[in-house]
Amino acid sequence: MTQMTGAKMVVQALKDQGVEVVFGYPGGAVLPIYDEIFQQTEIRHILVRHEQAAVHAAEGYARSTGKPGVVLVTSGPGATNAVTGITDALMDSIPLVVLTGQVPTFMVGNDAFQEADTVGITRPCTKHNWLVKDTDALADTIHQAFHVATSGRPGPVLVDIPKDVQFAEGTYVEPRAAKTGHYQPKVKGDKEMITRLVEAMETAERPIFYTGGGVINSGDAATQLLREFVDATGFPITSTLMGLGSYPASGKGWLGMLGMHGLYEANLAMHDCDLMINIGARFDDRITGRVADFSPHSRKAHIDIDPSSINKTIRVEMPIVGDVAHVLEDALRIWKSRGRKVNKAALAEWWAQIEEWRKVECLRYRNSDKIIKPQYALQRLEALTKDRKDRYICTEVGQHQMWAAQFLGFEAPNRWMTSGGLGTMGYGFPASIGVQIAHPDALVINVAGEGSWLMNMQEMGTAVQYSLPVKQFILNNERLGMVRQWQSLLHGNRYSHSWSEALPDFVKLAEAFGAKGIQCSDPADLDDAIAEMLAHDGPVIFDCLVEKHENCYPMIPSGEPHHKMLLGEDTGEDAIKAGGAVLV
Amino acid sequence: MAAALNIQKGTSKHSAYDLRDPNAEAVERHTLAVIVDNEAGVLARVIGLFSGRGYNIDSLTVAEVDHEGHRSRITIVTTGTPAVIDQIKAQLGRIVPVHEVHDLTVEGPSVERELALFKVVSGGDKRVEALRLADIFRANVVDSTLESFVFEITGTPQKVDAFGELMRPLGLTEMARTGIAALSRGS
């Protein structure tokens, strides 16, 4: 029975949970906790420049390590600034523990200075949250918070701690004494249903694995089992944006990403398959297109740890609630014990069909020797960095994000950090900071657009303060490219507010923060410029001036099914005027 | 491979959000019993789920039913297609302080009761008639003045509705209903 103050308890609980890094920003209502942080050395605190960035940095940390990210911010504006990041983590199932200060309990509800109803505001955007009114309950609550954040489908949780609770003395409890009993999501899948899936796999003529972020969240075992299963069956595999890296891009079953800007062969295979095996994906609307016409001829299995994901948008014949690693282990064992059967002849035909689709070369674009095409910039970035085993890629949100997903290959999980569900512009830069903190010697690149990047550019201060060599690879088209693309396709080329008239000089901006800036506008200089960026041991802003009117293809127009993809027959402004997008 | 371009440039009829399944099935009414930890904010979580995801609440009652275990029982009457009802149950089950979700409508026969108070202000024949009908419906008089009665009635929602309709022409001025409490029949 150890007595200590609430503030000390917070730090002790974090240590006992194995926390090494906290991302945060101090303020009045968390001063006692900051005072405790000051007086110890085990937990490292990273001072960001905005609370939203603290959450995204913690997301980057969590996604690149598989461990929960921890955030510490003050009451009121500290908490409300964190809301976007928390919502982002909820949509992408990222485990976070967010600790917020609160005005003292006797002032709660009085509209006190920097008071906000933090648990009320964050109730819909957390997996669970707590307001701790009693110091004796504080340690137990923090341990529960870690348990909830990391069990079942991971997600962000928030613990709101009034200032008087931080000052008061109470009894500390250790993690193993915490009350976590009743929240124990089911991890083992139903054996009968798994057997039905295996039977379907044995006879399927046109099977496909459709995998998502759940594989990565499940952990390394899930990745290993998935790779073994795909390679042993010879089935093709596609993945959502969230799941890239769980199966290697160089693997023989790999079709590339699917979805709105996914590869032609992946989407056509999803449409024409006769057995769809969804592993840890959720039939998101960016994936399905028009639901009524989604993969009309297939039997569908869905493996998900969250029962509410199953039958939410797409009815499936074989629902399997459980953790991906556990279910795959059972499925693989059952499939092996039944004699490793697949329909070889049909599979060969299926692959022949897929090869036909591949001949379309859906990522083709018209290159230029005068201006850098964004796709070309990413191809060169890929060529010059793909051999680095320690390469981590973050992105912002928009065209550059989709091109990065199309043109960069991921060989391992936890190497790709992008805002999938919420689509948060401003995610990538702080996420890259979190990744670099977790992997100090790794190559961390944030592929960005200038619009998104400016949303959290203040984090240059953080990058410089902690000497983080994050590479900000900005594909600068002076446009909000994806908005412009939609305006071009759907709103009669009326480019309402989708360009910036007053962009900063990114090289000078980097220098103003004490970092290195590089600008490149000539395709001939690109390789050298990228090499210069990679060679610099410190944060770099790489201002890559690219074609301003490039559209991102292939594209499933919203409200259309998979087989009605647009291909970029031609690119550039002329192509758009000529209606260069053709339906295939 | 090259078919006609189905989407028209310069039109905005293709919204990203117009993806609802047109084959919606018939709407059903279900009574759900949700056992939760009686902790601060738990009702807000349940109600927030319904409002945030656009589900209906026809009736809702909540009270602590296990003082030692700090458990409350929330009874919710909701409507939706079978797919929506399934989704509501799955979403409720996801809330951390929710222990059990029972769909009383599909789990076998159940008893549903509601308590209501009706204030009837009238005189003469109407007053006598109100009292006579209350007797037929086994409603109790829980307050009376020379001009008014307050009736207490317990029963199925249909019975309470029927009594309310009869009281309307007899001087009904106010009513309060508790919403439905429900339990499954048998053991």
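Between which helix and which strand of chain A does the loop that holds A:Ala515 lie?

Figure 1. A:Ala515 lies in the loop between helix 21 (506-512) and strand 19 (516-520) of chain A; helices (H or I, at least four residues) and strands (E, at least two) are DSSP runs, numbered from the N terminus. With a relative accessible area of 13%, A:Ala515 is buried. Buried means under 20% relative accessible area, exposed over 50%, and partly exposed in between (1.4 Å probe, protein chains only). Apart from neighbours within four places in sequence, A:Ala515 is in contact (heavy atoms within 4.5 Å) with A:Met460, A:Val464, A:Ala510 and A:Pro539.

**Figure 2. Helix 20 of chain A.** Nine of the 10 residues of this helix (residues 481-490) are buried, so helix 20 is largely enclosed by the rest of the structure. Among the buried residues are A:Arg484, A:Gln485 and A:Trp486. A:Gly492, whose phi is positive, near 60 degrees, follows the helix.

**Figure 3. Aromatic pairs in chain A.** Over all chains, a search of the whole structure finds 18 aromatic pairs. Rings of Phe, Tyr and Trp (its six-membered ring) pair if their centres lie within 6.5 Å; planes under 30 degrees apart count as stacked, over 60 as edge-to-face and the rest as tilted. A:Tyr210 and A:Phe283 form a tilted pair, 5.5 Å centre to centre with 55 degrees between the planes. This pair links distant parts of the chain, 73 residues apart. A:Tyr210 is buried at 0% relative accessibility, and A:Phe283 is buried at 3% relative accessible area. A:Trp350 and A:Trp357 form an edge-to-face pair, 5.9 Å centre to centre with 90 degrees between the planes.

**Figure 4. An aromatic cluster in chain B and a charge over one of its rings.** One aromatic cluster is formed by B:Phe118, B:Phe137, B:Phe149, B:Phe151 and B:Phe163. B:Arg127 lies over the face of B:Phe149, at 4.2 Å from the ring centre; a charge sits over a ring if NZ of Lys or CZ of Arg is within 6 Å of the ring centre and within 35 degrees of the ring normal.

**Notes.** Residues are numbered from 1 along each chain as its sequence is written, and chains are lettered from A and ligands numbered from 1 in the order in which they are written. In this predicted model, local features need pLDDT of at least 70, side-chain atom pairs count only at pLDDT 80 or more, and totals for chains, interfaces and linings use all residues, while side-chain values use heavy atoms, with hydrogens and water left out.
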